[in-house]
Amino acid sequence: MASPGTADTTEGSGTATAWCSVVAAQYRSTLDDLAIVLRGCPDALWEASIYEVKKTDQWAWPPTDRDGQPFDDPAVRAHKLQASSAVWRTASHALWFTDLDLSTTETDWAPPAPFSRGDEDGYVVPPTYSRDQVFAYIDHCRRKVDTLFADLTDDQAAAHLAEPHRNGGTSLAAVLVQGVVHLQLHSTQIRTFLRSHGIRCEDE
């Protein structure tokens, strides 16, 4: 029996078909695409904002640390506000949710250090993650794809998630499809930003 908030992943609930293979392939190719894009990002743009973040953006103001405390120094506060849309932050945000979606059947999920469960709380802007840390997170998500889809069946994917899961009432399949689309969106967003600066990635 599945734990509360998870889909039923017991054996004997069907067999894997093309659907699982296709979605798994989409995750792998999109993670590869994100890696290509981030390799193409010069150091000078790693902390650059993809778009201007304004104080009137209700999702971003005021920026806080992981403890929910606002930054007292006005200069730091202004920097953290724009960091909400930085290349590194966009990548870590996309990977955090990818990791979470790929871990839907787990009962006690947490991202790998130095990433934190609180990174996506409220107005939190975590400390700047390095390129190596973000690439390590990509590898972590690749392993999650391999683990999840190794035994996933269509019947398991069709099972609806129970409350109090954040996607309670939604099928695991829907969560996974929405998750890979979200990852694709942010990978494309970073690539478009680099193009606007005249930068072409290795696959272009």
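**From one arginine to the core**

Mentor: Arg-66 lies in the loop between α1 and α2 (74-83). Helices here are DSSP runs of H or I with at least four residues, strands are runs of E with at least two, and both are numbered from the N terminus. Please note that this is a predicted model, in which local features need pLDDT of at least 70, side-chain atom pairs count only at pLDDT 80 or more, and totals for chains, interfaces and linings use all residues. Residues are numbered from 1 along each chain as its sequence is written, and side-chain values use heavy atoms, with hydrogens and water left out.

Trainee: Is Arg-66 exposed, partly exposed or buried?

Mentor: Arg-66 counts as partly exposed, because its relative accessibility is 34%. Buried means under 20% relative accessible area, exposed means over 50%, and partly exposed is in between, with a 1.4 Å probe and protein chains only.

Trainee: Which side chains have a polar contact with the side chain of Arg-66?

Mentor: One partner is Asp-119, at 3.0 Å. Another is Tyr-129, at 2.4 Å. A polar contact is a pair of N or O atoms within 3.5 Å; within protein, one must be able to donate a hydrogen and the other to accept it, and residues adjacent in sequence count only if both atoms are side-chain atoms.

Trainee: And what else is Arg-66 in contact with?

Mentor: Beyond its neighbours within four places in sequence, its contacts (heavy atoms within 4.5 Å) include Pro-114, Phe-115, Ser-116 and Val-124. The C-alpha atoms of Arg-66 and Gly-118 are 6.0 Å apart, although 52 residues separate them in sequence.

Trainee: Let us change topic. Which residues have the most contacts inside the largest nonpolar core?

Mentor: They are Tyr-27, Leu-38, Phe-149, Leu-176, Ile-190 and Leu-194, in a core of 50 residues. The elements giving two or more residues to this core are α1 (18-40), α3, α4 (131-151) and α6, and α1 gives the most, with 10 residues. A nonpolar core is a set of buried Ala, Val, Leu, Ile, Met, Phe, Trp, Tyr and Cys residues joined through side-chain atoms within 4.5 Å.

Trainee: What do the buried residues of α1 pack against?

Mentor: They pack against α3, α4, α5 (154-158) and α6. Among these buried residues are Tyr-27, Leu-31, Leu-34 and Leu-38. The helix α1 has 23 residues and reaches 33 Å from its first C-alpha to its last, close to the 33 Å expected at 1.5 Å a residue; the expected span is 1.5 Å times one less than the number of residues.

Trainee: How many disulfides does a search of the whole structure find?

Mentor: The search finds 0, a disulfide being a pair of cysteine sulfur atoms within 2.5 Å. For Cys-20, the nearest cysteine sulfur is that of Cys-141, 19 Å away. For Cys-201, the nearest cysteine sulfur is that of Cys-41, 8.7 Å away. Cys-201 is buried, with a relative accessible area of 4%.

Trainee: Finally, what follows α6?

Mentor: Gly-198 follows α6, and its phi is positive, near 75 degrees.
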